[in-house]
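Open the model in a viewer and keep the selection panel at hand. The stops below go from one chain to the interface and then to single residue pairs.

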Amino acid sequence: MPARIITITSGKGGVGKTTATANLGVALALLGRRVVTVDADIGLRNLDVVMGLENRVVYDIVNVVEGVCRLRQALVKDKRLAELYLLPAAQTRDKSAVSPEDMVQVCEQMRNDYDFVLIDSPAGIEQGFRNAIAPADEVLIITTPEVSAVRDADRIIGLIEAEGKGPAKLIINRIKPEMVKRGDMLDTNDVIEILAIDLIGIVPEDEAIIISTNKGVPVALDDKGQAGLAFRNIAHRLLGEDVPFMTIKDTSGFLGRFARLVRS
Amino acid sequence: MSFWDKLRGRQIPSSREIAKERLQLVLVHDRANISPGLLQTLKDELIAVISRHIEIDREGVEITFTQGKRYNRLVANIPVLGARGSRKTRRT
Ligand SMILES: Nc1ncnc2c1ncn2[C@@H]1O[C@H](COP(=O)(O)OP(=O)(O)OP(=O)(O)O)[C@@H](O)[C@H]1O
Ligand SMILES: [Mg+2]
């Protein structure tokens with residue numbers, strides 16, 4: 001089967017696109033799929049460090065587009081998973097070094113050799129975003145439960161529909177159950193009601209994400225921990241499996257603190 | 001709002017409720033790409049066009065948004081002045 005090309009985007013910056021791309025790549029590869037993650041954030045390369053592959057980068061996507069190397073030579077093989085690859089962004093160039101047509105051409109070259117191509121979009125609605133969605137068959141939109149992020153997500157949903165790439169699916173990231181409980185954070189249902197698109201995952205706020213990014217080991221590799229489980233669940237849903245949405249546990253109370261002590 | 005707030009009859013909206021309401025309002029305008037200024041322009045032009053054919057109560061014209069799930073509706077309420085007294089017609 002030809003690869004599914006899926007772009008992860010958000011509008012607002014810093015809501016978790018790169019984290020989600022790395023973890024979904026890992027989670028799909030753990031399920032035996034052949035996966036390439038593509039860093040489309042040219043000039044602000046990050047996916048390599050989040051995946052822990054920065055020392056292996058030789059060429060980048062701009063080199064491929066400019067014919068300096070072949071696609072195969074630019075793909076960085078993951079350290080842990082045999083069927084996971086990264087196509088890095090260029091760090092010293094800007095978004096205009098690649099056009100939407102270039103992106104389509106590069107991604108189509110991977111169509112027959114992999115099962116999934118996951119594209120990490122830059123923030124915003126300009127050229128970088130246009131580049132990232134041009135090759136997409138499907139789009140995942142990620143937001144946090146905050147007013148500005150949800151507003152930007154709504155704008156992106158409209159743009160995706162206008163491009164004929166919809167309907168996009170939604171990931172809600174950084175939910176804090178204790179804040180939801182005391183009425184100080186939009187909950188999952190509020191966000192879905194406002195955005196009116198299908199949900200594909202909810203990811204809790206989890207310190208393990210910061211720790212894992214420090215180490216360059218995505219949380220999806222760790223079979224304990226809620227964020228990792230959340231990403232593995234999304235991978236199953238991408239494969240068409242009907243996985244119930246997890247109830248995110250409130251770990252702020254006494255018992256929660258105790259549980260965390262025991263786990264760490 | 002917590003059970004205790006309700007028991008005490010308090011009506012303080014939570015920050016979550018405030019966020020939701022503000023978002024819903026701002027998105028109505030974002031989605032339609034219509035600013036309050038544009039709304040006024042629309043109203044003026046509608047009045048001009050319609051009153052070329054029908055006598056209407058210019059002061060009574062109302063243009064509002066109503067929100068649907070993903071689509072919003074522009075509703076114009078235009079009171080018509082006729083020989084048989086004023087009658088209200090609703091156009092969407
Ligand atoms: N569920 C989470 N819990 C805790 N921290 C998180 C979570 N998701 C993301 N983060 C942290 O938030 C920060 C931003 O995440 P990330 O880089 O994935 O966002 P991004 O959308 O790719 O940002 P940019 O728009 O700059 O590309 C990172 O420091 C990451 O570790
Ligand atoms: Mg990023």
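Select chain B and look at its contacts (heavy atoms within 4.5 Å). Of those with a separation of 6 or more, 30% are between residues 24 or more positions apart. This is a predicted model, where local features need pLDDT of at least 70 and side-chain atom pairs count only at pLDDT 80 or more, while totals for chains, interfaces and linings use all residues. Residues are numbered from 1 along each chain as its sequence is written, chains are lettered from A and ligands numbered from 1 in the order in which they are written, and side-chain values use heavy atoms, with hydrogens and water left out.

Now colour chain B by secondary structure. Chain B has 3 helices and 3 strands, taken as DSSP runs (helices H or I, at least four residues; strands E, at least two) and numbered from the N terminus. Their order from the N terminus is α-α-α-β-β-β. Of the 92 residues in chain B, 25% are buried; buried means under 20% relative accessible area, exposed over 50%, and partly exposed in between (1.4 Å probe, protein chains only).

Select Arg31(B) and Asp154(A): they form a salt bridge, and their closest N and O atoms are 2.6 Å apart.

Select Arg34(A) and Asp115(A), whose side chains form a salt bridge at 3.1 Å, N to O. Arg34(A) is in the loop between α1 (17-30) and β2 (35-39), and Asp115(A) is in the loop between α5 (100-110) and β5 (116-120), 81 residues apart.

Move to Arg72(A) and Asp113(A), a salt bridge at 3.8 Å, N to O. Arg72(A) lies in helix α4 (residues 71-74) and Asp113(A) in the loop between α5 and β5, so the pair ties together parts 41 residues apart in sequence. Arg72(A) is exposed at 54% relative accessible area, whereas Asp113(A) is partly exposed at 35%.

For the last stop, select Arg111(A) and Asp137(A). Is Arg111(A) buried or exposed? Arg111(A) is buried, with a relative accessible area of 17%, and Asp137(A) is partly exposed at 36%. Their side chains meet in a salt bridge at 2.7 Å, N to O.

Note on methods:
Salt bridge = Lys/Arg side-chain N within 4 Å of Asp/Glu carboxyl O.
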